[in-house]
Structure formats: C-alpha cells, structure tokens
Amino acid sequence: MATTFKTLRSKDVVSTRTMLHEAIPMTGTIVSGTYNDLNIKNYSHGIFQSVFDYPYLSSSANHIFDMSAGYASGSALSGSGFLQNAKKVNIYNELSQILVGFDETGSIRNFDEDGDLTGGTKLREVFFLNFTRLLQKDEIKKGSFSVEFGTSASVGNPFATRVTLSDISGATAYKVNSPAGEYGILYANNSVGTTLKNAYTVTQTKAGLIFYQAGIAVITASLFSGSYNKAAAGTYVGGELGLLSQSISGVQLSPYANTTVANSPALSLVSGNNDINDVLSASAISGTCDVLRHRLYNIQFNNTTELNSTIYFCRANHNEFNYSSNPTYLSASKLVVKNNSQDTPVSYATSVGMYSPDNELLAVAKLSEPMKKDPSNEFTIRVRLDY
Amino acid sequence: MGFLQNDGDIILDAVLTDTGRMRLAKGDGSFRISKFALGDDEINYGLYDKNNTSGSAYYDLTVLQTPVLEAFTNNTSTMKSKLISINRNDILYLPVLELYTTAGKGSAKNANGAFNVAVDKNTIDTLVTPGTGILNGFKPNDDVSRVEVHQGLDTTELSNEEPLARDLVEVAYIVEIDNRFGAIFPPPGGVSNTVLETDTQSPAATPSFIDDDNIASYYFTLRNTNGFVANLGGTEDSSIAGPRGTKLGFRIMSSLELRTSDYLFTQLGTLAASALSNDAGTNLTASNYRFIDTTVRVTGVNTGYRIDIPLRFVRSV
C-alpha cells in the first residue's frame, strides 16, 4: 500500500529540558545621562520608578527595570513626619513578604543580611532593583550578577571610586529558604579605589540579596553611608551602620547639584549634610531612586530561559519516501526521474510535516536545502519543538 | 517568507502552524503529534535532467540548488505535495487524480471554467434548470449535477483494461472546503454519514474537523458504503486513459449564511460582468448576480496526489 504518512513510535519521541543563557550588560549611562532622563518614568503614586532603554514615549522603548526604596517599620528612619513614610514602609513590607515571607507569628520578616532568618543583621533600609521578565526571562543565572556603584564623595565625579556588588558564591552557596525561590548574597568589593571599610576578603562585606527567580536585587542603603551612626544635631535619625570608611553626604549624593536635568526635584534633606539615610528618610521615593541611578555605573548578569523541548526523530528508511506526489514528478502518469522501471526512484525532501492522528498539520519544519532520497540512502531528521 | 540560508550546514526551521497553536491553546489534549510526512513543494522535477551526457552526478544538479522558503505557519499553505512510500523500486507510473468532466454525464464544468453552486431558492428559480456545471446548492438532492474525481494512470501507454496495482489504488480521500461557503453533500445514490430517519432530505456530510481558518476537512473511504468513494471500472467512461483505481463523487450544499445573507457576497464576492449560461440559455444576466470564487481540494490519503477544483458560489441579486 502506498502511503504518505509514517507513524511516530514512542522511541521516536523524546522530551528534553535545556537552559539557555544570555548576557545582559547595562551601562550606567543608559539609566542616567544618555537620554537626559527621558527614559525614566515616574508615576503619580510615587511608589516606584521605571527605567526604559529608550525615551519611554517612543514605541521602540523597552521597559528594563524598576527601582524603589523603602525601609522597615522597625527602622530608625521610620517616622510619620517623613516624606512618603507610609509608602516606603509599604513597599518594603510588600517585597519582604513576597521574598522573605512571614515568621511563625504571621509577622512580615525583614530582609536578612546573610539569609539566616533566625537572627543576625537585618537589612532595614534598602533599594530595590526589579528587573523585567524581558531581561531576566525565567531567572537570573546564579553567580552571574554584579552591579557597580560609584562611591566617591565628589558629586561631580561620583565614579572616581567604585564598589562592585556581586553574588560571588551564588552558583553553589545560594539560599533556598525564601518563598519566592532561590537567592544569593551580594558581596561588596572595591573595584576602583578603596572606599569600603572592611574588604579584606571577597565575601566579607555583605551588601544585599539577589533573588534569582523573582529577578529582584535588594541593596542595602548602608552601601553609601560611613562607619559611624552619627546622632548629629538637628533631626538626623540614623540608619544601619555604613559599609564605607566615610559617609557620602546628602548634598554630595544629590544628582542635581552639578547637572541641569529638566524638572528635576530637589532632594529634601533634613539636616542637609549627613548621608544616604537622610536622603532615604526625607526625600520622596523618586528622588531617592534618582540618587541611586546617578550612582549606578553598570549592571551585568546572565539570564536563563528554560526550554522544554520535544524532539521527534523522523526516520526515513531505505524503502520509504522514494516517490513523490508533486505534479511535476509525473508526465502522463510516468515518472520524469526514470527512463525505465529498472531505474531507481528518487525524490527530494524540502519539508517535514508533523500531523495529528486526524491528519491535521500541527507543525512544519523546513530543510535549508533539498535532501535527496532514494533506495540507497536512509536519514533521520531531528525536529525539535520548543515550549 | 524569506529563503533559508543554504551556504553552510543543513539547518531545520521548525514552527507550529496556526492550527497547532490553536490546539495547544485549547489544552484539551488535541495537540498530539502522531505521524509525519515529507514534502517537496519547492521542487520542480522537470529540472531533473536524467539524460545529461556528463553523467548521473549532473542529473539533479539544478534540483539540489533549489532555494527553500522558510516555514509557513498557515496549515493549508504548506505540505501540498508529499513524498510517497511504496515498498518497491520498479514503479514507472504513478496514479493521478483527474476531474471527470465529460459533457452530458452530470459532472462537467460550466463554460466559465468552474463548478457553479446556486446558493438559494431564488437563484435556482431564476435558473429554472441548473444545467451543465451548475450545482443546486439549495437542495442538492433535486439535481444529479456533481463533482467527480477519477483516480488512475492517465496514460495511453497502458490499456485501461489493465488492473491497477493494488498498492496504487487510492482508498481514502480528504476533501477540504471553506466551511463559510458550503458543505460536502453525497453524490446521487449516496447517503450522508449523518442521515437520520426523520430527515426529509439527506443532510450534508459531517466534517472530520474545521481548522482555525474555517477550512472543513471531510474524510471518505472506500470501505464506507455511503457512495462517496467507489471502484472505477475499466470499461467505465472516465477521464483516466489507462488503468483505473477509484472515483470520488460529491455535491455541494451551500451554507446557511450564503443562503440567507448577501454579506459574504458583498465582502468577498464580485458583481457578475457576464451572464451565467445554462443548457437552456442564459437565465442569470450580467449584473444580476454576485459570485464568490473558491476551491475545493481533493487529496488522496495514501497516494498524496491532490487537485484543486474551482468552485463559484452564485447568488442572484
């Protein structure tokens, strides 16, 4: 019996899973400079700020990440008198309940510096970098994340000294006690200059967390403050102890001091001359995010796409698919590729159709060039469908 | 569609068709790949130079250089011609499908080159008698006009009294038609696969499935005794000159939408510029009817050969 279909047996079908990785480099000039902040979108609710890779009013723009800042209700910065105090607490609580979860009493946990939720240092004043699915895909590859910040006390040259945060041990020493998947610890190290207070070993200074599946980096605000927790005169309230040898003052942190960004909001500084905690407590979230953006030198990570594939091995044996139903194959019903019946038949495949039991074409694969089929050869075409 | 790059290793460009995606989205298990076929749509075997004096290496030089298009996602736009498996190598002739259009036998095309389907009572009444190549789409049972496809070796080098090799006889056909326009109806003497005792007229056949583009597929086999597929006798009048296999006959029933509304005719159709002639003379004059041109496709399930038959749905205005 002539036939055009060949049934796929169970041995001809196999399912596989492949992890695809792409390198995602982001230079700091994209988030502060190149587009004169036209790619930065602030919302009337003021809870977060969105960063695009092009002025966001253009249809070519892609949303790449969001930024926000907040502190725990138990932070020394938390106080009803500060600007957007409730929103800063709320955003901290929202992300901590998703990323760290609740304790046995049902209370929202704080972010923990070393991932040991039973105790230790908590991260109570933090910045959030939420990467979009467009960039992170299924997850950030463990051990690939790094973000570099300028830590110079010079407002005009913030990148004169820099610190890199990276999940150095992420590939093997990631944590699994988060309700939002796996996460790693971000360790701070001097990349240009030596502004860190303690950086004798690469894993000495813990400065944040990176949640791989959620695609969220939590960065401690103490990265920009000094070693002292100064109770200065005035209303300065103080946050966690800083990681730097010397604090960067609020004025030095202000991105607007030496620039002319249109409509830029002035930073509100309570005492006007202290550190990031002052900015965090007294400024709006958008203004705080502006500070971080203008200190962001670059971000680098590899994303991961989990490809589930089904591979169909389409086997053409020597005695199969040697004839064609192509109208040009016949002239007055006679094969044009043969002179007599003893000649071997030949055909040329250019496509593979994958059919349902009721003969409906569900998938099609095209060969880049015709493949000769005659009784002297056999081949297996490997058709992979990714989901 | 662009061409696939063919200056390096052979690559495979695989996509789900629109129907495949639709079935996947349904999530009802209907997305199940159970078989495959190989196609050669781009190949022109006329370029195969089997008498090239330089030797056999030159026979298919041009064929192998054929550029191949990227995959179409439309399920009806690709895999039009398939490779066939026959477990012997000495075959010199392969069967084809041909329209049986001998005048006076009820299956000829109209002078306008298509099978015309009068879709409603008004159009039928205007025509009085449908005539050659005009099918009664309103009440198909009232008329013997039909579409008939014959299968066999269309060659005079073999006698039509020779038996066609059993492995070349087509025993199953797939008929595809745009479900918005019409349905497949049994030929004279046939019965639909959905007939009920209470039916006053045999209804149209039930399609195997209707795809995302509204193309309905009907599956008819020789085994089913519903009259659609029958053996084609060696001495029977036929368009096949040589050994014969089977024949497929059917009529067309117009869809309810075409009968009751001129919406599709105004959207997709054309106001006629010439008269539609029947055997008794002209009954539908120019500008007095609209028509939609389409095709009904017949494919041999086993031999893979297929033909597109021109159809014209006609409605008087």
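This is a predicted model: local features need pLDDT of at least 70, side-chain atom pairs count only at pLDDT 80 or more; totals for chains, interfaces and linings use all residues.
1. Residues are numbered from 1 along each chain as its sequence is written, chains are lettered from A in the order in which they are written, and side-chain values use heavy atoms, with hydrogens and water left out.

2. Between the two chains, 71 residues of chain A are in contact with 81 residues of chain B, where contact means heavy atoms within 4.5 Å. The area buried between them is about 7100 Å², and carbon and sulfur atoms give 59% of it; buried area is the accessible area (1.4 Å probe) that two parts lose on being put together, summed over both. On the side of chain A, the residues that lose the most area to chain B are Tyr323(A), Tyr348(A) and Lys366(A), together 11% of what that side buries.

3. Three salt bridges are counted between chain A and chain B, a salt bridge being a side-chain nitrogen of Lys or Arg within 4 Å of a carboxyl oxygen of Asp or Glu. Asp358(A) forms a salt bridge with Arg23(B), and their closest N and O atoms are 3.1 Å apart.

4. Strand S20 (347-355) of chain A is among the strands that each supply at least two residues to the side touching chain B; strands (E, at least two residues) and helices (H or I, at least four) are DSSP runs, numbered from the N terminus. The strand that gives the most to this side is S21(A), with 12 residues. Five bridges join S20(A) to strand S2 (residues 35-39) of chain B, and the two run antiparallel; strands pair if DSSP finds at least two bridges between them. In this pairing, Met354(A) stands opposite Phe36(B).

5. Which residues of helix H1 (residues 18-26) of chain B are buried? They are Asp18(B), Thr19(B), Gly20(B) and Arg23(B), where buried means under 20% relative accessible area (1.4 Å probe, protein chains only). The cover over these buried residues includes S21 of chain A, together with strand S1 (12-16) and strand S10 (209-210) of chain B. After H1(B) comes Gly27(B), whose phi is positive, near 65°.

6. Helix H6 (residues 285-293) of chain A has eight of its nine residues buried, so it is largely enclosed by the rest of the structure. Among these buried residues are Ile285(A), Cys289(A), Asp290(A) and Arg293(A).

Note on methods
Buried means under 20% relative accessible area, exposed over 50%, partly exposed in between (1.4 Å probe, protein chains only).
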